[in-house]
Amino acid sequence: MFGLIAILLAGAMAGVLMLSSKQNHLSNEFQQRTARQALRHFADELSSLAAGMAGRDETAAHVTDAFDLEWVASHLLPVEAEAFFFVLGPDDRTLFSRVGGQVVSVEARGVLPPAFGQLIARWRAGRLADATTQLIAVDGTPVLFAISGIHAVADGKEPADNGHALVLGRRVDRASLRKIAETFLLPNLSYEPAFGQTTTGPGRLRLMSQDGTMGDSLVWDPILPGDEIIKAIGPGLALVFAAYLVLTAVVLVFARRAVRLISVNEEKALHDPLTGLPNRLLLLDRMKRLLEPKRGEDAAAAVFYLDLDGFKDVNDSAGHAAGDAVLIGVARRLREFCRTEDTVARLGGDEFVMVIPTDDRLLAEARAEAVLAALSSPYHYNGRLLVIGVSIGIALAPEHGLDVAALLHKADAALYAAKQDGKGRVRFYRKSMREERAPGRPVLLSAAGI
């Protein structure tokens with residue numbers, strides 16, 4: 001459930017981010033198209049002005065037929081925004097110059113950068129009567145130039161054979177950019193020289209020069225609706241996701257506590273509270289796992305039934321606390337003696353069961369004798385030495401059967417025989433021991449649930 005909610009929330013956030021990115025991309029493309037249209041509008045306006053001045057009969061008469069400097073100066077008057085006005089001859093020599101509204105005697109190539117000469121050369125290489133425009137940086141300021149061949153009205157659709165050209169240059173200054181920005185909704189539109197940089201991104205239009213190289217840029221404050229979507233929806237989604245994470249963390253904390261509590265309870269339910277050894281439930285489960293799936297030649301187990309000798313005397317003479325200390329000491333020694341694959345459990349009182357996965361009688365007897373020696377060493381308690389012994393009865397599987405309860409009863413019968421023989425001994429089960437069991441021993445096993 002929590003995983004599904006997490007997936008849905010993550011999907012919603014991813015959807016918002018994708019929608020935001022898509023909206024920003026579409027908006028940026030639209031703004032770039034708008035910027036191109038704005039620049040084209042600016043260029044078309046200047047191109048129309050240049051073509052209108054160059055494509056008149058009287059202009060052709062006073063320039064191409066016989067150049068009349070006074071007529072040109074008095075009749076081809078600039079608009080206030082035009083920073084440059086030139087009339088070029090067929091050899092590209094400047095016949096008339098007006099710079100900044102003043103008539104001056106200068107060569108256009110002398111006051112303009114090399115890009116202007118390149119523009120004229122390209123225009124002459126394939127020009128028609130149509131005007132050509134290009135944006136050129138002059139002293140760090142963008143200037144839009146328009147070139148138009150001077151011709152009579154009747155020759156408007158023919159190439160200008162005489163080669164005279166009229167050039168207008170209009171600065172793209174702050175006022176011009178402000179007007180374009182207001183008209184085409186491009187906030188804070190400005191011109192940025194390239195300076196060898198190749199910056200890209202939203203709110204920027206790279207200007208391609210006619211020779212195919214990348215030039216300067218028009219830049220503006222991009223309008224990014226996707227960011228507005230994130231601002232509007234993002235905090236809410238982030239809050240919901242954060243709340244989900246907090247809720248998930250709280251649930252996980254309580255779930256871990258519950259798992260630990262269940263684990264602790266299971267541990268208590270399956271282990272003896274005094275010694276920490278497995279109790280009868282866990283013992284029976286492990287014996288079933290060891291024997292029942294292997295009914296056949298592979299089944300092998302030696303079941304040691306241990307009963308402490310002299311334990312009642314310890315309880316009577318030193319107290320129950322001392323008896324508990326002895327039981328804990330016995331459990332510790334049995335743990336140290338056992339291997340990983342062995343099982344040792346406490347059935348109750350002073351009775352313990354040890355199970356090792358072998359049916360080798362000699363090995364089982366050797367292990368049992370070692371256990372007997374280890375448990376018979378004195379125990380220290382409050383400055384006193386407490387001495388007990390142990391008797392061990394052994395039943396083997398599969399020699400004595402594979403039934404768990406039956407094996408425990410047979411090991412108990414062998415234990416009774418060991419005690420009858422003088423205690424502190426190890427005895428293996430024999431069939432004749434069925435008759436030798438004390439009347440009370442089956443009752444004890446039944447009380448233990450076996």
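Strand 5 (residues 141-149) and strand 6 are paired in the antiparallel sense over seven bridges, where strands are DSSP runs of E of at least two residues and helices are runs of H or I of at least four, both numbered from the N terminus, and where two strands pair if DSSP finds at least two bridges between them. The model is a predicted one, in which local features need pLDDT of at least 70 and side-chain atom pairs count only at pLDDT 80 or more, whereas totals for chains, interfaces and linings use all residues. Residues are numbered from 1 along each chain as its sequence is written, and side-chain values use heavy atoms, with hydrogens and water left out.

Within the pairing of these strands, Phe145 stands opposite Gly169 of strand 6. Because six of the seven residues of strand 6 (residues 165-171) are buried, this strand is largely enclosed by the rest of the structure; buried denotes under 20% relative accessible area, exposed over 50%, and partly exposed the range in between, with a 1.4 Å probe and protein chains only. Strand 5 is also joined to strand 4 (residues 132-138) by seven bridges, and these two strands run antiparallel. Ala137 stands opposite Pro142 in strand 5, and strands 4 and 5 form a hairpin with two residues between them, where Asp139 in the turn has a positive phi of about 55°.

Helix 5 (residues 114-126) contains 13 residues, which at 1.5 Å a residue should span 18 Å, and its end C-alpha atoms are 19 Å apart, in agreement with that value; the expected span is 1.5 Å times one less than the number of residues. Phe116, Gly117, Leu119, Ile120 and Trp123 are buried in helix 5. Viewed down the axis of helix 5, the buried residues fall within an arc of 155°, so they line one face of the helix, the arc being that of the directions from the helix axis to the C-beta atoms. The face turned away from the buried side of helix 5 carries the exposed residues Pro114, Ala125 and Gly126. In helix 2 (residues 57-65), the buried residues are Thr59, Ala60, Val63 and Thr64. Down the axis of helix 2 these buried residues fall within an arc of 95°, and they therefore line one face of the helix.

Asp92, found in the loop between strand 1 (82-88) and strand 2 (94-99), has a positive phi of about 70° although it is not a glycine, and counts as buried at 15% relative accessibility. Asp92 forms a salt bridge with Arg109, with the closest N and O atoms 3.2 Å apart, a salt bridge being a side-chain nitrogen of Lys or Arg within 4 Å of a carboxyl oxygen of Asp or Glu. This pair links distant parts of the chain, since Arg109 is in helix 4 (residues 108-111) and the two residues are 17 residues apart. The side chains of Arg124 and Asp92 also meet in a salt bridge (2.3 Å, N to O). Arg124 lies in helix 5 and Asp92 in the loop between strand 1 and strand 2, so this pair ties together parts that are 32 residues apart in sequence.

A further salt bridge is formed by Asp307 and Lys419, whose closest N and O atoms are 2.7 Å apart. Asp307 lies in strand 10 (residues 301-309) and Lys419 in helix 12, so the pair ties together parts that are 112 residues apart in sequence.
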